[in-house]
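Hi everyone, thanks for coming. I'd like to walk you through one protein model today, so please have a look at it with me.

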Amino acid sequence: MLLLCSFLITSCEKENFIDDVTEGTSTDETVNTNTSSSMRLGDLTSITNIDNPATHKGMYIDGANTIIGNTTKENELITYAANKGVNSFAFYGLKSVLSNSSNYTKMASFLSKCNQYGITNFVYVVVYYPGSVNGMDTTYIRKYNNSRSSSSEKFDGVNLEWEYWNGATTWSTYLTTMKSFYNWTRAVSPNLCNEVYIGWFSNPSTIPQTMANEFVRYCDRILLHDYRVSPQVSYMESRMNYLGLAALDQEKTKKIIVLFSAEPSFMGPYYSTHSFNDAYQTIASQYTDAEFDGKSGLRIYGWQIYKYSYAKQFRP
């Protein structure tokens, strides 16, 4: 994921579920019973809007196709993640694995083994290409999940990665795709959590609130990057404000996952002397002190690291 410009047991909850409180989070949450057409079952009004300790503690896993089925690499990954407190994996590179049903057993075995070590949430990352949404990737996920009877062997969610703000496409095309992506996660059974990674409200840059409105409407949770050399809420505050205002307008509390990069030019060196949780605690402190209009529309849900190969280099 290139950023060319200067988001007990964790589940990937969908907004059509009421039982949204998990261990480690505040239980001071109530279901908003407003029946406005803008509401969906599970939209929350939260008194405490940052989970501390973090509920979601995720990591992008690059090269997953070279790990699944290799016992040594699987064990190295699971041991590393468990020791670092990671409880969620977002996988790159699984298309070549799930495209062949003969790989289903080893995929299932790996996910089941992850569950035994407290890694319980699994997300398939769709890096956009023609046909990836409502096409091959979604077909692979659906067929794989349908082949498994145990929830511990299934994917919980999907993540759309398509950097429209870096010129990969137009906002209009991205929005059409995001809607299709959202509708697909609701059409499959069981439903899948729908999340996106976003960088900036740009391309065009004149409609950030319009963009924020659509992200809040069509995403269960949003990974928002904090690509700095150390944790910095002020870097995210403008984007958080737009998303929070959109959530308040739709009478929701939207989950935000703070996305850190362990790349050498970002927080890789920071992680040489700080834990993943240290970074989140800094965010929690800064966020508590921050003041912006949309703050009460957000729930800071946890952290995610980009990515495994960099993380183990700087934080072995």
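Let me begin with a question: is cysteine 114 buried or exposed? Cysteine 114 is buried, because its relative accessible area is 0%. When I say buried, I mean under 20% relative accessible area; exposed is over 50%, and partly exposed is in between, using a 1.4 Å probe and protein chains only.

A quick word on where this comes from. This is a predicted model, so local features need pLDDT of at least 70 and side-chain atom pairs count only at pLDDT 80 or more, while totals for chains, interfaces and linings use all residues. Residues are numbered from 1 along each chain as its sequence is written, and side-chain values use heavy atoms, with hydrogens and water left out.

Staying with cysteines, the structure holds zero disulfides, where a disulfide is a pair of cysteine sulfur atoms within 2.5 Å. Cysteine 219 is in no disulfide, and its nearest cysteine sulfur, on cysteine 193, is 9.5 Å away. Cysteine 219 counts as buried because its relative accessibility is 0%.

Back to cysteine 114, which is one of the buried residues of helix α4, together with Tyr104, Met107, Ala108, Phe110, Leu111 and Lys113. Helices here are DSSP runs of H or I with at least four residues, strands are runs of E with at least two, and both are numbered from the N terminus. Helix α4 covers residues 104-116. What covers its buried residues includes α2, β4, α3, β5 and α5. Just after α4, glycine 118 takes a positive phi of about 85°.

Now the core. The largest nonpolar core has 98 residues, and Phe89, Phe215 and Leu243 touch the most other members. By a nonpolar core I mean a set of buried Ala, Val, Leu, Ile, Met, Phe, Trp, Tyr and Cys residues joined through side-chain atoms within 4.5 Å. Which residues does phenylalanine 215 touch? Leaving out residues up to four places away in sequence, they include Tyr164, Trp171, Val196 and Leu243, with contact meaning heavy atoms within 4.5 Å.

Next, find strand β6, residues 157-161, where five of five residues are buried. Gly157, Asn159 and Glu161 point one way, while Val158 and Leu160 point the other way. On one hand, β6 is joined to β5 by five bridges, running parallel, and tyrosine 124 stands opposite valine 158. β6 also runs parallel to β7, with four bridges, and there leucine 160 stands opposite valine 196. Two strands pair if DSSP finds at least two bridges between them.

Last, some backbone details. Most residues other than glycine have a negative phi, and most peptide bonds are trans. Glutamate 251, though, has a positive phi of about 60°, and is found in the loop between α8 and β9. A cis peptide bond joins serine 189 and proline 190, with omega about -5°. The peptide bond from tyrosine 306 to lysine 307 is cis as well, with omega near 0°.

Note on methods: Expected span 1.5 Å × (residues − 1).
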